[in-house]
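Student: Hey, can we go through the charged pairs in this one? I'd like to know where they sit.

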Amino acid sequence: MGLFSRFTDIVNANLNSILEKAEQPEKMIRLIIGEMEETLVEVRTTAAKNIAEQKTLARKIKVTQEGVDRWHEKAELALAKNREDLAKSALAQKHRYQAELSELNASNEQLSEFLNAVQDDAVRLQEKLNEARRRQ
């Protein structure tokens with residue numbers, strides 16, 4: 001994420017300077033555009049991997065939530081049959097699933113924030129690439 005922002009800052013800061021100083025500005029702009037295109041591909045690849053990871057995490061969250069619900073029902077059933085020992089065991093399992101669910105939700109939130117940042121970087125880089133192409 002920082003790498004892409006840093007790259008675009010460097011391109012912004014040096015694009016005009018390079019073009020003014022270069023003996024062959026056409027070659028330099030082509031080089032810059034090529035580097036920007038490669039970086040954009042990397043950013044989009046990272047975003048795609050993160051989207052896939054987020055979908056996998058969403059499935060895990062769903063399964064874990066179902067586990068919480070299932071153990072809650074088992075605890076209620078055990079209490080209905082006056083089996084407090086089974087109810088305690090079921091509630092212990094439910095708490096384990098709830099702890100895992102909390103961790104998964106926190107991971108999902110972090111992944112969402114990272115994905116948003118990567119997508120923002122991709123948009124900014126695409127804008128810079130379009131500007132560089134226009135200057136070309």
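This is a predicted model: local features need pLDDT of at least 70, side-chain atom pairs count only at pLDDT 80 or more; totals for chains, interfaces and linings use all residues.

Student: Which residue does Arg 83 meet in a salt bridge?

Tutor: Asp 85. Their side chains come to 3.2 Å, N to O. Asp 85 is partly exposed too, at 45% relative accessible area.

Student: Why would side chains pair up like that?

Tutor: Side chains can pair when they carry opposite charge and their charged atoms come close.

Student: OK, how many salt bridges are there?

Tutor: The count comes to 3. Another one joins the side chains of Arg 133 and Glu 37, at 2.4 Å from N to O. Arg 133 is in helix H3 (residues 84–135) while Glu 37 is in helix H2 (residues 25–80), so this pair ties together parts 96 residues apart in sequence.

Student: What about Asp 121, which residue does it bridge to?

Tutor: Arg 124, with 2.2 Å between N and O. Both residues belong to helix H3 and sit 3 residues apart, which is about one turn of the helix.

Student: Is Asp 121 buried or exposed?

Tutor: Buried, because its relative accessible area is 3% and the cut-off for buried is under 20%.

Note on methods
Residues are numbered from 1 along each chain as its sequence is written. Side-chain values use heavy atoms; hydrogens and water are left out. A salt bridge is a side-chain nitrogen of Lys or Arg within 4 Å of a carboxyl oxygen of Asp or Glu. Helices (H or I, at least four residues) and strands (E, at least two) are DSSP runs, numbered from the N terminus. Buried means under 20% relative accessible area, exposed over 50%, partly exposed in between (1.4 Å probe, protein chains only).
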